[in-house]
Amino acid sequence: MTERKAKIETGWNLDNSYARLPKSFFTSLNPTPVCSPKLIILNHSLATSLGLNVQALQSNDGVAVFAGNQIPEGALPLAQAYSGHQFGHFTMLGDGRALLLGEQIIPQGNRVDIQLKGSGKTPYSRGGDGRASLGPMLREYIISEAMHALGIATTRSLAVVTTGESIIRETYLPGAILTRVATSHLRVGTFEYVSNWGTLKELKALADYTLERHFPDVDVVENRYLFLLKEVIKRQALLIAKWQLVGFIHGVMNTDNMTISGETIDYGPCAFMDAYDPKTVFSSIDTYGRYAYGNQPHIAAWNLGRFAESLLPLLHVNKTQAIKLAQDEISSFNELYHCNWLTGMRAKLGIFNEELQDESIIQGLLNIMQKYGADYTNTFLALTFDKLEDMSMFGTKEFSQWNELWQARLSRQQESKASSHELMRNSNPALIPRNHRVEEALEAAVKHGDYNVMERFLDVLSNPYAHSSKQADYSTLPAPSNSPYRTFCGT
Ligand code: AMP
Ligand code: MG
């Protein structure tokens with residue numbers, strides 16, 4: 001009797017609403033096939049939550065999809081057109097090395113974009129090779145998943161495959177493709193593109209599509225496009241506050257790298273700050289510190305200004321009125337951001353209620369941290385667990401004076417010390433993806449084909465508020481070095 005093995009379905013359930021938008025918004029094309037794909041990492045929990053079958057995804061056919069060698073049923077691959085302000089300068093961009101396969105309809109009924117990054121040249125490649133290398137794709141995987149676990153809105157990473165092909169950078173590097181999942185890839189730059197080169201009808205189509213996709217409650221409001229602007233500002237004000245609270249530095253906050261959904265996108269030169277210093281910059285090309293840690297809220301407001309400009313014709317028929325509406329909204333960003341930041345900082349210090357002097361208490365601590373070069377994450381950890389011996393800062397007079405103020409502040413609230421401690425535990429991560437640990441994991445993977453270091457790292461990063469003993473190792477600082485940590489974009 002012949003054995004009949006039922007083929008396990010991968011679970012792809014793709015729709016293509018973006019492909020139904022005006023043709024100028026994208027270019028349809030297939031990924032460029034690669035010679036010898038190999039699955040390096042698959043995000044099992046994410047796959048399952050998307051309604052995908054992890055076993056089937058690991059089969060040759062499953063991996064062929066991640067490599068761009070097979071197009072899953074229902075996909076209509078396309079490169080999205082967008083422009084953007086890069087370091088303040090407006091330019092035409094678009095998916096130069098990525099393709100949207102389609103939108104997966106997940107079991108709950110929502111849709112998420114499935115994008116291959118590193119899938120070959122597109123009409124927007126502008127001289128680039130359309131490819132990506134293994135190190136940066138694994139870096140995006142690690143950091144985006146760490147951000148997700150920290151409770152910060154982000155695109156996710158479903159899988160990384162190597163292509164079996166080398167790509168040329170300063171040297172030959174192993175080619176790789178990342179499968180990125182996002183609630184959408186709509187960017188501020190998408191609006192800038194349509195507003196600059198499209199018709200009013202097209203701009204309206206983009207805005208309506210965005211509203212339908214991200215803000216389905218819009219029907220109850222009077223001015224739907226003003227509502228869109230308000231909501232995007234709200235989401236970004238929350239996102240940037242969350243970045244600041246964990247010391248995340250995006251590194252390349254160009255308008256094409258800012259989503260409408262409020263998710264963090266484009267993990268190129270990003271990194272987490274060690275010693276607290278608002279001027280911290282890691283990106284090798286950010287010479288003037290435009291995207292420094294302390295500048296991120298200002299840059300977000302600037303980018304949202306570009307978003308508002310692109311919406312002007314939809315906000316009001318009268319241009320002066322439209323500008324006034326936009327300006328009023330943009331000026332609300334600072335207050336919204338600040339409020340989120342203050343709430344988050346209070347929680348990091350175990351404070352439940354609000355007092356006027358809270359901000360000066362918080363700023364007082366930050367000033368001392370900056371003066372003594374104290375590690376951002378570990379200072380809050382030490383305060384949480386009352387371990388005030390490890391850092392030189394804790395032995396200073398300034399700190400003991402501050403500590404008295406803080407203790408007095410805590411005693412002025414009804415909640416117990418134990419509740420404060422609990423709040424701090426849940427607000428201060430046991431670890432962040434420290435730069436030297438990220439590099440260690442990437443070196444083992446890329447140079448030695450050893451993925452265990454990365455797997456262990458991903459495991460401890462997956463629950464940063466667990467404060468487990470195996471996480472303690474990951475909070476140690478790198479050995480002092482004379483050369484500062486540097487990151488690179490577009491690699
Ligand atoms: P990023 O710095 O990743 O935000 O990329 C900025 C722009 O450069 C986007 O339009 C990318 O698609 C494009 N790009 C980056 N790397 C490549 C590459 N290797 N080939 C083609 N386009 C690229
Ligand atoms: Mg980008």
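Trainee: What makes Lys 117 and Asp 266 a salt bridge?

Mentor: In this predicted model, the closest N and O atoms of Lys 117 and Asp 266 are 3.5 Å apart. The cut-off is within 4 Å for a Lys or Arg side-chain nitrogen and an Asp or Glu carboxyl oxygen, so the pair counts. This pair links distant parts of the chain: Lys 117 is in strand S8, Asp 266 in the loop between strand S12 and strand S13, 149 residues apart. Both Lys 117 and Asp 266 are buried.

Trainee: Why is Arg 224 just partly exposed, then?

Mentor: Arg 224 comes out at 26%. Buried is under 20% and exposed is over 50%, so a value in between is partly exposed.

Trainee: How do you know that Lys 230 and Glu 329 form a salt bridge?

Mentor: Their closest N and O atoms are 3.2 Å apart, and the limit is within 4 Å, so they qualify. Lys 230 belongs to helix H7 and Glu 329 to helix H9, 99 residues apart.

Trainee: Which of the labels, buried or partly exposed, goes to Lys 230, and which to Glu 329?

Mentor: Lys 230 has 35% relative accessibility, so it is partly exposed. Glu 329 has 12%, and under 20% means buried, so that's its label.

Trainee: How many salt bridges does the structure hold?

Mentor: There are 27.

Notes:
Residues are numbered from 1 along each chain as its sequence is written. Chains are lettered from A and ligands numbered from 1 in the order in which they are written. This is a predicted model: local features need pLDDT of at least 70, side-chain atom pairs count only at pLDDT 80 or more; totals for chains, interfaces and linings use all residues. Side-chain values use heavy atoms; hydrogens and water are left out. Helices (H or I, at least four residues) and strands (E, at least two) are DSSP runs, numbered from the N terminus. Buried means under 20% relative accessible area, exposed over 50%, partly exposed in between (1.4 Å probe, protein chains only).
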